[in-house]
Amino acid sequence: MARTLAFLSLLLLAACPRSITDDPGYTLTLAPPVASLFVDDSTRFTATLHDRDGNLVPTAFSWSIDNQAVATVDAGGVVRAAGPGGAMLQVSARGMTANASITVAADNGQTLTVSPATASVFVDATQRFTATLKNRHGDVIPSTPEWSSSNTSVATVDASGLAQGKTAGSATIQAKVGELTAEATLAVTVRGASVTLVGAGDIAGCTSSYRDEATANLLDGIAGTVFAAGDNAYPDGSAANYADCYHSSWGRHKARTRPAPGNHEYNTFGGTGYFGYFGAAAGDPAKGYYSYDLGSWHIIALNSNADMRAGFPQEQWLRADLAAHPAACTLAYWHHPRFSSGSQHGSDPMAAPLWQALYEGGADVVISGHDHIYERFAPQTPTGQLDMARGIREFVVGTGGAGLYSVGPIAPNSEVRNTATRGVLKLTLYADRYEWQFVPIKGASFTDVGSASCH
């Protein structure tokens, strides 16, 4: 009987399940079990813990990697490849561990490019090149390239990527980072001869002829093309005003003058005095705007008395003209300034559509009058934002002889202003740049000089 009871006790013990503490039955898995990466690549590994019934057990995982020169792992299981070789990833939780093998290859898919790919400069001019190193994901990798020129007699390049033209010809500019190289082509040409554009606005009045005679005397000593930026003959721009007031001073340079009309020209109906005096040089009398080439520059004379709104004939003509003349350097002039600090008139927002078209067309310089001051602006967008890369530089030159005005609130980006000196603006135009000089009348000392490159 005792033997029977002992046997039954053993059967009952065998049938009774063990506790989770004695046999938890957990399963720890790690996926993927194997991963192949390139240097700088990353991938996420996923660890899961299930009980014996397949239920997911929430828990914290501990991650480690046996060779951090090959790869590293963060607390979320993200592995980043650091260098070529092999490594073992391990995850642990509740006394259990799981492993995955990682192989990192040296091929990291890096690319090196040089910008611009092609460029041209004149002898003694410079061109900045930049080299960009990226990984296979397109991320930029900081680098210090080594620069060289295939023909240092044509062009040299310094350690920062700044190339300088030496003689006419072509050179290959190369950047090297490690085993990677990239190249750009630089053409060097001889700079052509310069041309001169000189003039002002707000010029001649019969009651003050000595003043416009003083500026006309300046023109006598400056060769080149003359611009007249409107309000050329006071008070009404009539035929009589031109004959009696303008012709005796600036009129002696009529044959080389390319004018633009001002508001006083239209005090005479249709500007007939202005168009009659200048003839074909003033363009179509029904329009009052035209363009011409001066050296390698494209010059545009506009009519700020005509409608300047976007979509209207003058603005549409301007866009078509810019498209038809894709010159490296472009200058435009009209009477009413888009930007001005003058106390009498100030900035004219009506001219914004013309500025917009010129800005989109890559123009470099705008000249206006109307405010009887001299003012120079830094390059700006159509809305008056400083833009040294693509902005247009404006000169207000209402200093041809009329009575001078004062300055009101200073407009943004105004660099130089003068309200006490009559004179002319002389622009020396090269194929890729320009120089400016305000030339004062005899006895005055104010001047303004500078230079800039075309876009």
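View 1. Strand 6 and strand 7 (residues 78-81) run antiparallel and are joined by three bridges. Strands here are DSSP runs of E with at least two residues, numbered from the N terminus, and two strands pair if DSSP finds at least two bridges between them. The model is predicted: local features need pLDDT of at least 70, side-chain atom pairs count only at pLDDT 80 or more, and totals for chains, interfaces and linings use all residues. Residues are numbered from 1 along each chain as its sequence is written, and side-chain values use heavy atoms, with hydrogens and water left out. V73 stands opposite V79 of strand 7. The open sheet contains three strands in the order 3-7-6, with antiparallel pairing. Because strand 3 (42-44) and strand 6 (71-73) stand at the edges with a single partner strand each, one side of each has no neighbour in the sheet. From one strand to the next, the twist averages 20°; axes are lines fitted to C-alpha atoms, and angles run from 0 to 180 degrees between N-to-C directions.

View 2. Three bridges link strand 15 with strand 16 (residues 162-165) in the antiparallel sense. Within strand 16, Q164 stands opposite T156.

View 3. Buried means under 20% relative accessible area, exposed over 50%, and partly exposed in between (1.4 Å probe, protein chains only). Four bridges pair strand 14 with strand 17 (residues 169-177) in the antiparallel sense, and K176 of strand 17 is the bridge partner of E146. Strand 17 is also joined to strand 18 by nine bridges, running antiparallel; here V177 has L180 as its bridge partner. These two strands form a hairpin with two residues between them, and G178 in the turn has a positive phi of about 60°. Strand 18 (residues 180-189) pairs with strand 11 in the parallel sense over five bridges, with A187 as the bridge partner of S120.

**View 4. The largest pocket and its lining.** The largest pocket holds about 340 Å³ of space. On a 1 Å grid over the protein atoms alone, a pocket is an open set of points where a 1.4 Å probe fits, with protein on both sides within 12 Å along at least five of seven lines; lining residues have an atom within 4 Å of a point. Among the 18 lining residues, S120, V121, F122, D432 and C454 are the closest to the centre of the pocket. Strand 11 (118-122) and strand 12 (126-128) are the elements that give two or more residues to the lining. Strand 11 gives the most, with five residues.

View 5. K426 lies in strand 29 (residues 423-429) and is partly exposed, with a relative accessible area of 25%. K426 and G224 are 202 residues apart in sequence and 9.4 Å apart in space, C-alpha to C-alpha. Leaving aside neighbours within four places in sequence, K426 has contacts (heavy atoms within 4.5 Å) that include T196, I222, E435 and W436.

Technical notes. Grid points are joined across faces, edges and corners, and a volume is the space filled by probe spheres set on the points.
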